[in-house]
Amino acid sequence: MVVVELKEVKFGYNSSDEILKGISFRANPGEITAIVGPNGAGKSTLLKIIAKILKPKSGIVLFDGKNLSKEETTKIVSYLPQENSIPGILTVFEAVLLGRLPHLSWRVKKEDLKIVRNTITELRLEKYAERYTSQLSGGEKQMVLIAQALVREPKVLLLDEPVSNLDMRNQLEILELIKKFTKERKISTIVVLHDLNLAAKYADKIVIISNGKVRACGDAKSVLRPEVLAEVYEVEVNISSSDGNIHVLPLRPLSRSFCSEVC
Ligand SMILES: Nc1ncnc2c1ncn2[C@@H]1O[C@H](COP(=O)(O)OP(=O)(O)OP(=O)(O)O)[C@@H](O)[C@H]1O
Ligand SMILES: [Mg+2]
């Protein structure tokens, strides 16, 4: 179990701009923390900072209170980037097995094969197991990449828009599975999502990033409020609740002048 804590993280791709202007939040083991926010808000940048691919200008990311090196971070973190590709010369089975690389020794152990087989079954990829990944659809490739991230058995799982190009059923199935993994294995899962309804349904905590800051952080009910979404997305929304879930219905874009007056 590893608690992830961000403290006043600031970042810019060059010295003149600041995309992240002091981001602080905490992701707990056994919980899904969803990062949401408009295009270009800095969500992917933030995941790369947590994965130690990018270094913050200032501020710190702590894993159980420790400032880990890149190497130490790689051992406990599994990161699925937004843009991704798999070498087409691998079969689905080989590609998923590749996810076990940090655990593999000279020989592939029975245990590795069992984990790979079970994950392939859970993601309903059996029928593709022997197929080359170049022969898969975009959504099927995405499922293989998710399988790769899961077989690593991480303590911290970072997923950047993992379900954006999946159909409705696969979106639900994958998020159910991620939730199950997160709860059973006490993983700290941080997932970037655009679909606020999926964030409301599956996340224990939602962090809204806007203008480089955390605009709101908490459970769906406290965070997904019409005035907050009007300010962040410049969209009028209707919020309702049923079956214990919050539902967000976008109604219309707001004019910029409305936003500058009201928000
Ligand atoms: N390598 C880069 N060099 C310079 N600027 C970059 C680079 N990568 C991203 N940016 C800029 O940083 C900002 C944040 O980008 P980021 O990819 O983190 O946004 P995002 O919130 O993930 O957006 P989206 O929802 O569209 O994926 C954007 O303005 C983007 O143009
Ligand atoms: Mg992104």
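Two strands are said to pair if DSSP finds at least two bridges between them. Opposite Ala27 in E2 stands Val4. This is a predicted model, in which local features need pLDDT of at least 70 and side-chain atom pairs count only at pLDDT 80 or more, whereas totals for chains, interfaces and linings use all residues. Residues are numbered from 1 along each chain as its sequence is written, and chains are lettered from A and ligands numbered from 1 in the order in which they are written.

The pairing of E1 and E2 belongs to an open sheet of three strands, ordered E2-E1-E4 with antiparallel pairing. Strand E2 (20–27) and strand E4 (58–63) are the edge strands, each pairing on one side only. On average, and with direction ignored, neighbouring strands of this sheet are turned by 10 degrees against each other. Helix H1 (residues 43–50) lies across E1, E2 and E4 and runs at about 120 degrees to E1; axes are lines fitted to C-alpha atoms, for helices over the stretch in contact, and angles run from 0 to 180 degrees between N-to-C directions.

The loop between H1 and E4 contains Leu54. Leu54 is partly exposed because 16 other C-beta atoms lie within 10 Å; a residue is buried with 20 or more other C-beta atoms within 10 Å of its own, exposed with 12 or fewer, and partly exposed in between, the C-beta atoms being placed from the backbone.

When residues up to four places away in sequence are not counted, Leu54 touches Phe11, Thr45, Lys48 and Ile49; contact requires C-beta atoms, placed from the backbone, to lie within 7 Å. Leu54 and Tyr13 are 41 residues apart along the chain, and their C-alpha atoms are separated by 9.5 Å.

## The shell around ligand 1

Tyr13 is also one of the residues around ligand 1, together with Ile19, Gly37, Asn39, Gly40, Ala41, Gly42, Lys43, Ser44, Thr45 and Gln82. A residue is assigned to such surroundings if its C-beta atom, placed from the backbone, lies within 6 Å of the molecule. The shell divides into three nonpolar, seven polar and one charged residue. In this classification Ala, Val, Leu, Ile, Met, Phe, Trp, Tyr, Cys and Pro count as nonpolar, Asp, Glu, Lys and Arg as charged, and the others, Gly among them, as polar.

## The six-stranded sheet

A further open sheet has six strands in the order E5-E6-E7-E3-E8-E9, with mixed pairing. Strand E5 (77–80) and E9 stand at the edges with a single partner strand each, so one side of each is left without a neighbour in the sheet. From one strand to the next, the twist averages 15 degrees. Helix H5 (residues 138–151) lies across E5 and strand E6 (156–160), at about 170 degrees to E5.

Strand E3 (residues 31–36) pairs in the parallel sense with strand E7 (residues 188–192) over five bridges, and Glu31 has Ser188 in E7 as its bridge partner. E3 also pairs in the parallel sense with E8, over four bridges; here the bridge partner of Thr33 is Lys205. E8 is mostly covered, with five of its six residues buried. E8 and E9 run antiparallel and are joined by five bridges, and Ile208 has Ala216 in E9 as its bridge partner. Their hairpin has two residues between the strands, and Asn211 takes a positive phi near 50 degrees there.

## Domains and their contact

The domain assignment, which is automatic or taken from a database, gives domain 1 (4–222) and domain 2 (225–263). Their C-alpha centres lie 27 Å apart. In the contact between them, 12 residues of domain 1 meet seven residues of domain 2. Helix H7 (196–202), strand E8 (205–210), strand E9 (213–218) and helix H8 (220–223) each supply at least two residues of the side of domain 1 that touches domain 2. The largest share of that side, four residues, comes from H7. Its residues divide into six nonpolar, three polar and three charged.

Ile239 lies in strand E10 (residues 235–242). Ile239 counts as partly exposed because of its 17 C-beta neighbours inside 10 Å. Apart from neighbours within four places in sequence, Ile239 is in contact with Leu224, Arg225, Pro226, Ile246 and Val248. Ile239 and Lys221 are 18 residues apart in sequence and 9.5 Å apart in space, C-alpha to C-alpha.

Definitions and conventions:
Contact = placed C-beta atoms within 7 Å.
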